[in-house]
Amino acid sequence: MPLKFELGPGRMIGGSYPCFIIAEIGQNHQGDIEIAKKMIKMAKDCGADCAKFQKSELEFKFNKRALERPYNSKHSWGKTYGDHKRHLEFSHEQYRQLQKYAKEVGIFFTASGMDEMAVEFLDELDVPFFKVASCDANNFPCLELTAKKGRPMVISSGMQSMATMRRVYQTVKEHNQNFTILQCTSAYPLDPEDVNLRVIAEYQKEFPDIPIGYSGHERGISITVAAVAMGAKVVERHVTLDKSWKGNDHEASLEPSELTELVRAIRLVERAQGTGIKQMLPCEKACHDKLGKSVVAKVAIPKGTVLSMDMLGVKVGEPKGVSPEDMGQLVGKAVTEDVEEDGSITPRMVDGYNNKARR
């Protein structure tokens with residue numbers, strides 16, 4: 001049975017608990033705190049469990065030359081990559097404002113800590129869980145630091161190998177029992193051929209004592225719904241207010257109507273999962289009463305006759321008789337009363353028939 005743990009106060013994941021749905025706002029807020037608040041509210045209104053951002057302390061995430069690199073992309077918010085990232089980065093105080101707003105709205109709030117100093121800040125902020133982005137899954141110093149904080153962890157696995165993810169599992173497990181690994185392919189947008197949903201099943205075999213999830217960057221919702229049907233206990237999707245906005249992530253993000261439909265579809269699939277026990281359900285009784293077949297007499301059978309297979313047929317009968325699957329049990333047994341041709345053969349008509357309940 002997969003491990004179950006509390007990802008946020010009062011919200012369990014794993015086992016038969018509902019899939020935890022993360023709305024990844026990331027930096028799709030365009031550097032505008034009011035847009036960020038609108039997106040938090042949107043995530044709540046659409047039914048997501050958590051609104052998530054990305055927090056970086058830029059001088060700790062990038063070296064000087066990376067920040068000074070000219071950035072001429074159509075998605076750029078500045079002349080250099082550093083200027084671009086500074087435009088999109090909220091201050092500590094702004095994060096506190098967003099956290100307060102999320103609490104007022106009633107949705108979990110967290111962020112990916114994109115470097116060790118960001119992790120320290122998020123720990124100080126008292127987020128319910130840490131998200132580890134794919135680019136830091138093999139950053140073992142930061143991974144170990146994060147695990148030692150003791151908060152639950154959600155770890156994406158884009159760009160990594162199974163060998164690396166085994167090491168991730170061992171590293172985190174040594175310090176922290178409460179974590180989940182998400183199958184992820186780091187491409188934006190992601191083509192279906194590169195999603196590799198079967199990795200979910202491989203992770204479930206490799207790491208049977210933790211919940212497994214999915215972080216998707218594909219267009220639409222169908223693949224994410226399929227991931228839940230395969231057992232994903234946490235899903236993460238980027239969200240936006242407008243896919244046409246400037247920024248690399250918007251095209252691979254879900255607009256409000258899509259996020260609403262994703263949540264609805266996931267909850268529908270969860271209802272359809274069932275118990276795994278195959279049996280006739282109460283809802284099937286009407287169909288069984290109308291169309292379920294019984295053993296009938298092909299010919300008139302006098303009282304005391306020992307039944308043989310050539311005397312028996314199968315039809316929808318009235319009244320209901322012996323189930324066709326038990327036809328073989330009737331052979332060699334005597335009938336205790338006359339049976340008319342085409343009549344149902346009921347259990348009480350057959351001497352020694354064991355009318356056992358079926359599972």
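Is the crossing of α1 and α11 left-handed or right-handed? The crossing is right-handed, where the term means that the near helix is turned clockwise from the far one by less than a right angle, anticlockwise being left-handed. The model is a predicted one, in which local features need pLDDT of at least 70 and side-chain atom pairs count only at pLDDT 80 or more, while totals for chains, interfaces and linings use all residues. Residues are numbered from 1 along each chain as its sequence is written, and side-chain values use heavy atoms, with hydrogens and water left out.

Helix α1 covers residues 33-46 and helix α11 residues 256-273, and the two pack at an angle of about 35 degrees with their axes 9 Å apart. Helices here are DSSP runs of H or I with at least four residues, strands are runs of E with at least two, and both are numbered from the N terminus; the axes are lines fitted to C-alpha atoms, for helices over the stretch in contact, and the angles run from 0 to 180 degrees between N-to-C directions. On the α1 side Met 42, Ala 43 and Cys 46 meet Pro 256, Leu 259, Thr 260 and Val 263 of α11, contact being defined as heavy atoms within 4.5 Å. By class, this contact has 6 nonpolar, 1 polar and no charged residues, where Ala, Val, Leu, Ile, Met, Phe, Trp, Tyr, Cys and Pro count as nonpolar, Asp, Glu, Lys and Arg as charged, and the others, Gly among them, as polar.

Strand β7 is covered on both faces, with Met 153 and Ile 155 buried on one side and Val 154 and Ser 156 buried on the other; buried means under 20% relative accessible area, exposed over 50%, and partly exposed in between, with a 1.4 Å probe and protein chains only. Strand β6 (residues 130-132) pairs with β7 in the parallel sense over 3 bridges, pairing being assigned if DSSP finds at least two bridges between two strands. Within this pairing, Val 154 of β7 is the bridge partner of Lys 131.

The loop between β7 and α8 holds Met 159, whose phi is near 70 degrees, a positive value in a residue other than glycine. Met 159 counts as exposed because its relative accessibility is 60%. Helix α8 (residues 162-175) then has 14 residues and reaches 20 Å from its first C-alpha to its last, close to the 20 Å expected at 1.5 Å a residue, the expected span being 1.5 Å times one less than the number of residues. Its buried residues are Met 165, Val 168, Tyr 169, Thr 171, Val 172 and Lys 173, and what covers them includes α7 (140-148), β7 (153-156), β8 (179-184) and α9 (198-206).

In the loop between β8 and α9 lies Pro 189, and the peptide bond from Tyr 188 to Pro 189 is cis, with omega near -5 degrees. Tyr 188 is also one of the residues in contact with His 238, which, leaving aside neighbours within four places in sequence, include Glu 24, His 217 and Asp 249. His 238 lies in strand β10 (residues 234-238) and, because its relative accessible area is 4%, counts as buried.

Gly 317 is placed in the loop between β12 and α13 and is buried, with a relative accessible area of 10%.
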